[in-house]
There are 2 protein chains.
Amino acid sequence: MKKNTEVTIYDLAKKLNLATSTISRALNSHHSISQKTIDKVKKAATEMGYRPNNLAASLRNKKTKTIGVLLPTIAQPFLSALISGVETTAQEAGYNVVIMQSHDSYEEEVNLTQSLYSSRVSGVICCLAMETSDTAHFKIFTDNNIPLVFVDRVPKHADTYRVMIDNYAAGYKATKHLIDQGCLKIAHITRASEFGNIYSERKKGYLDALKDNNLQIDAKLIVNLKSVSYEETETAANKLFNLKNPPDGIFAAGDMMAIIAIQCAKKRGIKIPEELAVIGFNNDPNSRIIEPNLSTISHPAEKMGQASSEIILKNLEQSTKDDIRDITVLNTEVLVRESSKRK
Amino acid sequence: MKKNTEVTIYDLAKKLNLATSTISRALNSHHSISQKTIDKVKKAATEMGYRPNNLAASLRNKKTKTIGVLLPTIAQPFLSALISGVETTAQEAGYNVVIMQSHDSYEEEVNLTQSLYSSRVSGVICCLAMETSDTAHFKIFTDNNIPLVFVDRVPKHADTYRVMIDNYAAGYKATKHLIDQGCLKIAHITRASEFGNIYSERKKGYLDALKDNNLQIDAKLIVNLKSVSYEETETAANKLFNLKNPPDGIFAAGDMMAIIAIQCAKKRGIKIPEELAVIGFNNDPNSRIIEPNLSTISHPAEKMGQASSEIILKNLEQSTKDDIRDITVLNTEVLVRESSKRK
DNA sequence: TTGTATGCGTTATCAT
DNA sequence: ATGATAACGCATACAA
């Protein structure tokens, strides 16, 4: 039935006739304090309803034990799984996670980096907004020795940690898989992004796989979407199917795009995978619900989150400043399901 | 090229020959400071690379401008949409959001409430863990005037804000819809939860709809799942279909359960919706990908998040302590799609 | 309109 | 093993 009374270490000190410094040390089980005192203090603390004030400790210690996560949105299977990985790992280490959404806006992202800095987060994990090309606003972190990890959508040039997959190799593998199924006219549906390199890397893989297998590159078979709205994707798919020379395979840079293309094809009576083999990217839950089940590229979202957290934590725990700003590349694999399995 | 130098208001004061209090007020655009001084201070601040330290301000003000969100997991469409709503609203008001996952464990939930309290969050939004029956660990918030909102999975008895849907009415509506389609033997697949009342409310609605329409209640047609794993749900569905008297309609308390049931039925050649009409709950993205498209109950996740945030914010902004711990009930509606549309 | 002084709750340094 | 005290960066009551 305690009310507004915030119990502090002063109250404990008064009650036990000890100094605040002793109380503080006892609460932290400092080795220089006798076990007897530690027990006594902790007992009194719970009795009096003492709750440590992290704010004060953080101010004093100049470290907050919270990791800032800045990403386009939470409401996307890949990103929410990534956050989940970040959060679980951080939580185990006693760190909190604050999350901010840029909504894919450069301007919001800039503001939020300020806000993260002002909150004195111990480390930052960021998946860049679609709009972002320039990453100068992250300099504030590196300048102030705050570990920074870019994940998935990473800048091309940056002397910071990066956690990613090999998008080029994945794009190549996906395309090669379709070729192995006998596809000769493979379309590519992707997102138009001027700067983000993940889609352009996937496309590069696609192009090289075609080249390496002596397949012709047809610009009409490459579609760049401005957004992944249902309408826009559907329109694009229909345009592909209406070509004089329609595709017999589609590599979509995301599962939703692939799924919409499949739905679209089915409406037109196109047989999948016989007439059209389709492969997506990400392994969203959706990919196992669409019929036929969608072949796709696994994307270790949760693991990427964990890896990012671990880099931050390692960097924070060890005082030895290693300036290795290295790149972590996680594996992907082709998941073959019914949408592309011809043999 | 600034290094470890943290610029504080002291530095600004020294530089401009002003008192720290003047600097502080100027930075906050306090009305008692001349515009000229305000401009001068702000200019110097940006020049010197000053960044406010929220930590210090929070300690001083005894308010952190952060909202704590405690829920089972992030990686679920409904919950990530909910968080998104919380976060967007909070962000607009200049509040941060820290997120913690209980992983549906009571023990973790208890620990995390402590941790949230120690972080001195300004308010708390919580969706209870599946395991949680007793909510005494939240008393610390109400005792200390920290606004607390339970959302979706709320405790039955609690003098705190609650944001939810009318699960009873929704269950009733869903069942009534199937009855309207001519179903006579309607099964109900739900989650076994001893305490959480959302599933039991939905079931109550189901039962009452049957009664009100003079349909017999058959215990064999009611399935309580321990988890929503694919395997367990599939087994349960098959058991239903193997009954002497199999159902001609299914009301599942979640979309995934409904989807698995549909997939299972299709494998057995059961025609949907002609032989079996199915309706789910939540309106997950998945529900529009399964074929036939799944009828379901809309669940305003994003809105629930917003509403929760707004309650916290309103409570924080106004100093007038209104002790109205009221319940916000949001609307749901039946979304009729192909899986249940018979006429 | 601006300045002085103090406290928010901790932890760390230096002493005892 | 324990104590006294300063400091973290900011905001406010009070004074001028």
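1. Basis. The model is predicted, and local features need pLDDT of at least 70, side-chain atom pairs count only at pLDDT 80 or more, while totals for chains, interfaces and linings use all residues. Residues are numbered from 1 along each chain as its sequence is written, chains are lettered from A and ligands numbered from 1 in the order in which they are written, and side-chain values use heavy atoms, with hydrogens and water left out.

2. Extent of the interface. In chain A, 54 residues are in contact with 54 residues of chain B, where contact means heavy atoms within 4.5 Å. The buried area between the chains is about 4600 Å², and carbon and sulfur atoms give 45% of it. Buried area here is the accessible area (1.4 Å probe) that two parts lose on being put together, summed over both.

3. Polar pairs across the interface. Between chain A and chain B, 30 residue pairs are in polar contact, both residues being at pLDDT 80 or more. A polar contact is a pair of N or O atoms within 3.5 Å; within protein, one must be able to donate a hydrogen and the other to accept it, and residues adjacent in sequence count only if both atoms are side-chain atoms. On the side of chain A that touches chain B, the elements giving two or more residues are α4 (54-61), α5 (77-92), β2 (96-101), α6 (106-118), α7 (139-143) and α11 (255-267). Helices (H or I, at least four residues) and strands (E, at least two) are DSSP runs, numbered from the N terminus. The most comes from α5(A), with 7 residues. By class, this side of chain A has 21 nonpolar, 20 polar and 13 charged residues. Ala, Val, Leu, Ile, Met, Phe, Trp, Tyr, Cys and Pro count as nonpolar, Asp, Glu, Lys and Arg as charged, and the others, Gly among them, as polar.

4. Salt bridges between the chains. Side chains of opposite charge can pair when their charged atoms come close. The rule used here asks for a side-chain nitrogen of Lys or Arg within 4 Å of a carboxyl oxygen of Asp or Glu. It finds 4 salt bridges across the interface of chain A and chain B. One of them pairs A:Lys266 with B:Glu291, with the closest N and O atoms 2.7 Å apart. Over all chains the count comes to 20 salt bridges. B:Arg120 and A:Glu6 also meet in a salt bridge, at 3.0 Å from N to O. B:Arg120 lies in the loop between α6 (106-118) and β3 (123-126) of chain B and A:Glu6 in the segment before α1 (9-16) of chain A, so this pair joins two chains. B:Arg120 is buried at 12% relative accessible area, and A:Glu6 is partly exposed at 31%. Buried means under 20% relative accessible area, exposed over 50%, and partly exposed in between (1.4 Å probe, protein chains only).

5. Salt bridges within helices. A:Lys43 and A:Glu47 form a salt bridge with their closest N and O atoms 3.5 Å apart. Both lie in helix α3 (residues 35-48) of chain A, 4 residues apart, about one turn of the helix. A:Lys43 is exposed at 54% relative accessibility, and A:Glu47 is exposed at 57%. In chain B, the side chains of B:Asp180 and B:Lys176 meet at 2.9 Å, N to O, in a salt bridge. These two lie in helix α8 (residues 167-180) of chain B, also 4 residues apart. B:Asp180 is partly exposed at 39%, as is B:Lys176 at 29%.

6. A:Arg153. This residue lies in the loop between β4 (148-151) and β5 (161-165) of chain A. A:Arg153 is buried, with a relative accessible area of 11%. Its side chain reaches the backbone oxygen of A:Leu128 at 3.1 Å.

7. A:Arg202. Helix α9 (residues 197-212) of chain A holds A:Arg202, which is buried at 2% relative accessible area. A polar contact of 2.8 Å joins its side chain to that of A:Asn167.
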